[in-house]
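Let us walk through this structure step by step. Keep the sequence and the 3D view side by side as you read.

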Amino acid sequence: MQELTGFQRDILYVIAGLDEPYGLGIKQRLEEYYERDVNNGRLYPNLDTLVEMGLVDKGTLDRRTNSYTLSDSGYRTLQRRHEWEAEQVSMRAKHSA
């Protein structure tokens, strides 16, 4: 996970949360979160990088629309990140008490 950018991590989280992840749907969710436009020239190269890294599987919904799903490695990567984040928050809570 450490080799990923924050944007790439956000893409993984969005893909995990969508029923039928495809480029435009992923873009819309990211724009809702960032509260600004996400450029296609930023999104699609990052999706391709995640596919090349083996974290995302790329398929097709129709002739013009690609689908993106998390691979097993992608799920494990998110799970490790989630556990690490929870541990960090837990440590902070202990020190604040």
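Start with R81 and E85, which both lie in helix α4 (residues 72-96). They sit 4 residues apart, about one turn of the helix. Helices here are DSSP runs of H or I with at least four residues, strands are runs of E with at least two, and both are numbered from the N terminus. The side chains of R81 and E85 meet in a salt bridge, 3.0 Å from N to O. That term means a side-chain nitrogen of Lys or Arg within 4 Å of a carboxyl oxygen of Asp or Glu. Side chains of opposite charge can pair when their charged atoms come close. E85 is partly exposed, with a relative accessible area of 30%.

A word on the model. It is predicted, so local features need pLDDT of at least 70 and side-chain atom pairs count only at pLDDT 80 or more, while totals for chains, interfaces and linings use all residues. Residues are numbered from 1 along each chain as its sequence is written, and side-chain values use heavy atoms, with hydrogens and water left out.

How many salt bridges does the structure hold? There are 3. Another one joins E31 and K27, again at 3.0 Å from N to O. Both residues belong to helix α2 (residues 23-34). They too are 4 residues apart, about one turn of the helix. Both E31 and K27 are buried.

K58 and D48 also form a salt bridge, at 3.6 Å from N to O. K58 is in strand β1 (residues 56-60) and D48 in helix α3 (residues 40-52), so this pair ties together parts that are 10 residues apart in sequence. K58 counts as partly exposed, at 43% relative accessibility. D48 is partly exposed as well, with a relative accessible area of 31%.

Which residues of α3 are buried? They are L43, N46, L47 and L50. Seen down the helix axis, the buried residues fall within an arc of 105°, so they line one face of α3. The arc is that of the directions from the helix axis to the C-beta atoms. Now turn to the face pointing away from the buried side. It carries the exposed residues G41 and E52.

What do the buried residues of α3 pack against? Their partners are α1 (6-17), α2, β1 and β2 (66-70). Look next at the ends of the helix. N39 caps the N-terminal end of α3, where a side-chain oxygen lies 2.5 Å from the backbone nitrogen of G41. Just after α3, G54 takes a positive phi of about 85°.

Move to α2, where G23 lies. G23 counts as buried, at 4% relative accessibility. Its contacts, leaving aside neighbours within four places in sequence, are with L43, Y44, N66 and Y68. Contact means heavy atoms within 4.5 Å. G23 and Y13 are 10 residues apart in sequence and 14 Å apart in space, C-alpha to C-alpha.

Now the aromatic rings. Rings of Phe, Tyr and Trp (its six-membered ring) pair if their centres lie within 6.5 Å; planes under 30 degrees apart count as stacked, over 60 as edge-to-face and the rest as tilted. The count comes to 2 aromatic pairs. The rings of F7 and Y34 have centres 6.1 Å apart and planes at 20°, so they are stacked. F7 lies in helix α1 and Y34 in helix α2, so the pair ties together parts that are 27 residues apart in sequence. Y33 and Y34 make a tilted pair, 5.3 Å centre to centre with 55° between the planes. F7, Y33 and Y34 form one aromatic cluster.

End at E35, in the loop between α2 and α3. E35 has a positive phi of about 60°, although it is not a glycine. Its relative accessible area is 72%, and E35 is exposed.

Terms used
Buried means under 20% relative accessible area, exposed over 50%, partly exposed in between (1.4 Å probe, protein chains only). A polar contact is a pair of N or O atoms within 3.5 Å; within protein, one must be able to donate a hydrogen and the other to accept it, and residues adjacent in sequence count only if both atoms are side-chain atoms.
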